[in-house]
Amino acid sequence: MLFNSLDFFIFLPIVFVTYWLFFKKNLQLQNIFILIASYFFYAMWDWRFLFLIIASTTVDFFTGQLIHSSTSDSLRKRWLWISVIFNIGLLGFFKYYNFFIDSWIDFVNIFGYEMNSSWTLQIILPVGISFYTFQTMSYSLDIYYKRLAPTKDFISFATFVSFFPQLVAGPIERASNLLSQITTKRSFSYSQCKEGLKLIIWGLFKKVVIADAIAPIVDDIFANYTEYSASTLVLGVTLFSFQVYGDFSGYSDIAIGTSKLFGIELMSNFKFPNFSRNVAEYWQRWHVSLSTWFRHYVYIPLGGSRVSKLKSVRNIIIIFLVSGFWHGANWTFVIWGAIHALLYIPVFLMGRNRIYMNTVVAENSWFPSIKEILQILLTFSLITFSRVFFRSESITDALGFLKQIYSNFGFEIYEHPLGYRMIDYFVLLVLFVLYEYQIRRDERSPFKFKSKIVRFVAYTLIILAMLLFFDDNIDRSFIYFQF
Amino acid sequence: MKKLILKSALYFFMILISLELLVRVFHLGKDTPTRILDDHKVEKWLPNQQGFSVTGNRRQNFSEYHINNSGFNSYREFTPTKDKYEVALVGDSFIEGFHQNYYNSIGKKIETSIPGIEVYEYGYAGYDFADQLHLIYEYKEKFEVIDHVILGIKFSNDLTRGEYKVVTGRLALESPMNRLLKKSKLLVYCKSIGILDPPQRLLYRLKNILNPPAPSKTIDEQEKTRLQKEKEKKYLANFQSLVAKYGYDKNRFTLLLDSRITSDYFLSFLNKEGFRYIDFSSYFEKSKKSTTLIYDRHWNDNGRTLIAKSISDYIKSLDTME
C-alpha cells in the first residue's frame, strides 16, 4: 500500500478513528490494533513476506532477552551474533544473493573460466527488508552495549518492528526512541495530530508534485543519454537530485506525520540537505536515520574519530562503502559510496566536519552570504555528480553518461518526452527551493505562518499544485522501496 | 478528536471552494456544451453555444469552440445551395475538432487550400457509420445539394451495428445529476486529468470481489484469427446493411480512413465494389512531427493539417478528372 494511493487514504482514517475511538484507554489494545493494522498494511503488498517480519521479530525478541540475561560476555556475544547473522542473512539472501553470484561469475570469467549463471535465483526483494532488519538489529545491539533493557512484551516489540508508517522505508528508528513510546500510554493530542496532518500534506506535495512530475524527464534522459548533449545530461542528473529528494523526504514526512496521528514521534530524516555548505553537513541532513545508524553501530565501534587519523579515514571509507552497498546490490552504489568517502575525507582532515552541526544557512539573516551561496552550489554540484552512479543501471552506463557530457559538450533545448512545457518544471523547482529556504529552520513545521490566512493560502496552493502536476499514468511507487 | 475532525472538514470544504474558484479563474476545466436529440432523432449539440475545450492539466491544450445554428462545431453556418461548391465532412470527435480553435479547423484549412469552396463539418463525438448515414438520410435535402460528402470511418469502431438507434448512453450525460455535477469546474477538471480514476478502479475492484467475474479463457492464435475474421465479416455486413438502408451515393460520397488500421478484407471489398476512399496513412507516415495530442489520441494541429491536405489533394484530383 503506497502512501500516495487511494487505498492508504481509506485505510488511514479508518485506523485513526478506530484507534482513538475504541482503544484510547488501553495501551495493550492500542498496540495490538496498531500491530494488526501494520501487518494488514504490509500484506496488501505481499502477505507471504509477513513471515519474514514475524521471524525477524521473534528472533530479536528472544535474542534480546538472552543477551540481557547472559552473565558471561562470550555468551552475550554469541546471542548477539545469532541476531546479526539472522538479519544479515535475510538481507544477504533476498537482496544480495544474485549480486554475489553474478559478481563471482564475472570475476571468474576475467581469468578465462566460463561459468553460466544457473545458480542465480528468481528472488523478489521484500519491500522494506533493509529498513526493518536494521531496526531489529539495533535493538539487539543496544541491549548488547547495555544502552537498553529488553522488553518482555512481545506485542510491543512486534509493533516497534512493524509500525506501518515507517515499516517499508524508514526512518530507521532505534528502540530507545520508538519502543519506549510504544510501551508508554498515549493520549490524543490535537496539536500533535494537526502537525501530523500538515506534514502529510507537505510530504504528498514533495512526492506528487516534485518527484513524480520530474520522473518522466529523468527516466528519458538516463535511458537515452547517448542521444543528448552535455546540457541535457546535466539537467537530467540535476533533476534527479530533486526527484530523489522529493521522493524520499516526501515519504519520510508522510511517515512522521502519520505517526504523529497515533501519538508517536519519529526522528527527522531530512533537514533540508540541499542547503548544506559542505559534504559533512549534507550527511547530517540527508537520510539522518541511516547515517545515525551507521555512526552508532559501525563507525563508533570501529573507533570513530577517537583513533589515529589514518584509522579514522579507514573508518570513514568503511561506513560510506557499506552505506552505498546498503542502498542496492549493484557496484554503482558502492562507487557512489566511495565518491562520498572521497568528498568527505578532505572535510574531515581539515576539521570542518562538525562546524555546521547545529546551524542553518543564513542563521541570523534573510539572505545567505555570497560565500554561503557558493558553498551550497559547490556541495549540491558534487552530490549531484555522485548521483550519476546512484541513478545509472550499471557502471558502464554511469561512465558512458559522464563521457557523453565530456565528449558532447554543448547546449541544446530539451523537449519533454511527452511534449509538456518544460518552463512549468523550472518555475516549480525555483518556487520549491525558495519555499524550502523560507522554512529551513524547522523541517517539522512546513507551514509555520502566524497568519491563518497565509496558512490557508499555502494549503490551497499546495493542493492546487498537486492537481496541476498529477499524472495518473506514471509509476507512483517510492524510489527507496527498492532498497 | 471531534475538534480535529470538525476543523479538518471545515478546511476541506473551504479549500474545495477556493480550488473551484481557482480552476474557474485560470479556466483549467473544460466547458461542456449541451447535447440534444432533434426532431429527426439526430443527436447533436444544442445550436448556438460557445465555450472553451481544455485538455490535460495545466491547460496543455486550450481551444475555443462554436456550435453553429445546425448544432455542429464550425465557424460557418451550413447553407448549401446548388450554385456553390460545398464539401461536407461527417465524422466523430476527430472531425468535430474540439481540440482546435473552431476558426482553425480541418474545414478552414481545406478552404484556405482551395479558394471558393465551403466546407461543412458535421462532426460529433461518438458518431459511428450508422450515425453518419442516418444524419445524411434525415437531412437529405441539405446533403443532396452538397457536392462531395466525406465520411470519416474507423473500421474497428464504427461498424459495430447494422442499423441506427439513438445512443441512450451518450444522452444520459445530459441527465439532471450529470448536469449538476458538470456545474463544478473542479470536478470536471479532476475527471479530465484522471484523478477520479482510482476511486472508480477501487469500486470496480470491490465489485469484482463481491461478484467475481468468470475466469477469462485463454484463446490460441488459430481461434483468435477465426474470431477476427468473424468480426470482420460482421462489420462488413453491417456496412452493407447501413448502405442499403440509408443510401450511399458512390459518385459523391467518399470514405476517409487510415489503411494501417483498416482490415484488408474491408479494403478489398471497397475496391471491388467501387467505394471511393481517401487513405491518409501515407501523409501521417511521412510526417516527422507528432500527429496526436499529448493527453489523448486526437489529432493535433499537425495531424489536422495533414488530414486537410489529404482531403484537399483528393478534391483537387477529382476536379482535374471531372
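User: How many residues of helix α12 of chain B are buried?
Analyst: Among the ten residues of α12(B), 264–273, the count of buried residues is one, so to speak a helix that is hardly covered; buried means 20 or more other C-beta atoms within 10 Å of a residue's own, exposed 12 or fewer, partly exposed in between, with C-beta atoms placed from the backbone. Helices (H or I, at least four residues) and strands (E, at least two) are DSSP runs numbered from the N terminus. This is a predicted model, where local features need pLDDT of at least 70, side-chain atom pairs count only at pLDDT 80 or more, and totals for chains, interfaces and linings use all residues. Residues are numbered from 1 along each chain as its sequence is written, while chains are lettered from A and ligands numbered from 1 in the order in which they are written.
User: And what phi does B:Gly274 take?
Analyst: Just after α12(B), B:Gly274 has a positive phi of about 75°.
User: Switching to the sheet in chain B, what is the strand order?
Analyst: The open sheet has five strands in the order β6-β5-β7-β8-β9, with parallel pairing, where strands pair if DSSP finds at least two bridges between them. Its edge strands, each pairing on one side only, are β6 (117–123) and β9 (277–279) of chain B.
User: Over how many bridges do β5(B) and β6(B) pair?
Analyst: Strand β5(B), residues 85–91, pairs with β6(B) over seven bridges in the parallel sense, and B:Gly91 stands opposite B:Gly123 in β6(B).
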